[in-house]
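Here are my notes on the model, as numbered points. Please read them with the structure open.

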Amino acid sequence: MRIRPHRSHPLWLAFLLHRISGLGLALFLPAHFYVLAMAVSRPADLDGFLALTDSPLVKFAEFGLVFLLAVHIFGGLRLMALEWLPWTGWQKTLAASAVGLAFLVSGTFLLQAV
Amino acid sequence: MTTDKADTPGEDIATQVMKVSVWRGDAEAGAYREYSVPLRESQTILDVVAWIQQHEDPTLSYRYACRVGMCGSCAMMVNGQPRWTCRTHVKKVLKDGGLTVAPLRNLPVIKDLATDMDPFFEKWVAAGGVHHPTRSRHDPIDAVTPDSEGRAEADAGIECINCSVCYAACDVVAADADYLGPAALNRAWTLYNDSKDGGGQTILDAVSAHGGCHSCHSQGSCTRFCPNELNPMQSIAGLKRATAWSFLKGGK
Ligand code: SF4
Ligand code: SF4
Ligand code: FES
């Protein structure tokens, strides 16, 4: 995908990341609730399903999930700061910090998991 | 290609040329046409467009007035980015020896590089961007306090030249024809903070209606491209706060 020239700047990319992570989480949620519901409806199947979570691939997918969550949270906090706190000149730094923090959180999670 | 030495007294005959794609057409249809233009020292995009009109095709339409970044009439899309062409140097934006020049995005095209700016200015008025007087000519002058907080906010956004570069950069304008856009909202914010303007609530009502400040996604393209280095995104954040407080306090 080519990003059109008028969009190639940090805050637009931050917007894109926020939107993609939001959509990703929205897609994940129904699956999440479905599996949770199995605890009530079909406990035996749930155990089988949970065994899957030991596989490295699923671990890596979980890392992605934690990253999406973290980047959406920090990105959201950034936007709330932008709109509610007195203006600061470091909006790009804040956007970069949101991504950095998200990597930190999800990276720590991955290291704990392996 | 031969170049006309008389054009640029005191300069060497340009030997290098650049390929310039210029959008030609009207509201119905159009296409890019390519021109070869001699490369010169200290050449602006507006110089390039003027050269084409003077030497290659006198029917090329475009708009400018001051040539020094004051009037705000010369903005165009250059290599896909909105810019004031009179103060954009070719050297800075030349890509692989070429340029693409198109009419400003998000506005109806009249002909070639000239767009219809009416929707842009109509939205200034719709955003409450007209003076709401508090006194008549018979009253003494209302002195402004330069170091007050409101004055500082107003001053930060006041140097807008109405060039519509921010309006062309904004993706929300592209997606929502009713969105007032960064320049109109920036103007509303300066008036809201102006102690001489008595239209505070009128402005808040105007900018919180459909298509107002709450449609902004804080992508910051306006601020990234404003040639006067204004920060409409910051002004809009101010309006979001002011309208939200006004809603929480008075239900309005
Ligand atoms: S910050 Fe708001 S007004 Fe400025 S370009 Fe982005 S969406 Fe448009
Ligand atoms: S805010 Fe900046 S980009 Fe927008 S119209 Fe004014 S001067 Fe031009
Ligand atoms: S011609 Fe006046 S701003 Fe460019």
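1. Is B:Cys226 buried or exposed? This is a predicted model, and in it B:Cys226 is buried, because its relative accessible area is 15% and the cut-off for buried is under 20%. B:Cys226 sits in the loop that runs between helix 9 and helix 10 of chain B. Its C-alpha atom is 12 Å from that of B:Thr88, although 138 residues separate the two along the chain.

2. B:Cys226 is also one of the residues around ligand 2. The others include B:Cys160, B:Cys163 and B:Cys166, together with B:Ile161, B:Asn162, B:Ser164 and B:Val165. By residue type the shell of ligand 2 has 9 nonpolar and 2 polar members, and no charged ones.

3. Ligand 1 is surrounded by 13 residues. The closest are B:Cys170, B:Tyr179, B:Cys216, B:Gly220 and B:Cys222. Two helices of chain B, helix 9 (221-225) and helix 10 (232-250), each contribute at least two residues to this shell. Its make-up is 8 nonpolar and 5 polar residues, with no charged residue.

4. Helix 7 of chain B covers residues 182-192 and is mostly covered, with 9 of its 11 residues buried. The buried residues are B:Pro182, B:Ala183, B:Ala184, B:Leu185, B:Asn186, B:Ala188, B:Trp189, B:Thr190 and B:Leu191.

5. How accessible is B:Arg151? The relative accessible area of B:Arg151 is 12%, so this arginine counts as buried. B:Arg151 is part of helix 4 of chain B, residues 149-157. Leaving aside residues up to four places away in sequence, B:Arg151 touches B:Val144, B:Thr145, B:Pro146, B:Ile158, B:Asn193 and B:Asp194.

6. B:Leu99 belongs to strand 5 of chain B, residues 98-102. With a relative accessibility of 2%, B:Leu99 counts as buried. Its contacts, again without residues up to four places away in sequence, include B:Met18, B:Lys19, B:Val20 and B:Ser21. B:Ile45, B:Val48, B:Val78, B:Asn79, B:Val93 and B:Leu94 are touched too. The C-alpha atoms of B:Leu99 and B:Val20 are 4.8 Å apart, while 79 residues separate the pair in sequence.

7. B:Thr44 is a loop residue, found between strand 2 (30-38) and helix 1 of chain B. Which side of the cut-off does B:Thr44 fall on, buried or exposed? Its relative accessibility is 11%, so B:Thr44 counts as buried. Beyond residues up to four places away in sequence, B:Thr44 touches B:Thr85, B:Cys86, B:Thr88, B:His89 and B:Val90.

8. Most residues other than glycine have a negative phi. B:Arg67, however, has a positive phi, near 65 degrees, and B:Asp96 has a positive phi near 50 degrees. B:Arg67 is in the loop between helix 1 (45-55) and strand 3 (75-78) of chain B. B:Asp96 is in the loop between helix 2 (90-93) and strand 5. B:Arg67 is exposed, with a relative accessible area of 56%, and B:Asp96 is exposed at 79%.

9. For chain B as a whole, the secondary structure comprises 10 helices and 7 strands. The C-alpha atoms fill a box of roughly 70 × 40 × 30 Å along the principal axes. Chain B has 252 residues, and 50% of them count as buried. Among contacts with a separation of 6 or more, 64% involve residues 24 or more positions apart.

10. The accessible surface of chain B is about 12500 Å², and carbon and sulfur atoms account for 51% of this area. Chain B carries 25 positive and 30 negative side chains. The centres of these two sets are 2 Å apart.

Note on methods:
Residues numbered from 1 in each chain as written. Chains lettered and ligands numbered in written order. Predicted model: local features only at pLDDT ≥ 70, side-chain atom pairs only at ≥ 80, totals over all residues. Heavy atoms only, no water. Buried < 20%, exposed > 50% of the residue type's maximum accessible area, 1.4 Å probe, protein only. Helix = DSSP H or I, 4+ residues; strand = E, 2+ residues; numbered from the N terminus. Near = heavy atom within 4 Å. Nonpolar A, V, L, I, M, F, W, Y, C, P; charged D, E, K, R; others polar. Contact = heavy atoms within 4.5 Å. Areas by Shrake-Rupley, 256 points an atom, 1.4 Å probe, with all protein chains shown as cover. Lys, Arg positive; Asp, Glu negative; His and termini not counted. Charge placed at Lys NZ, Arg CZ, Asp CG, Glu CD.
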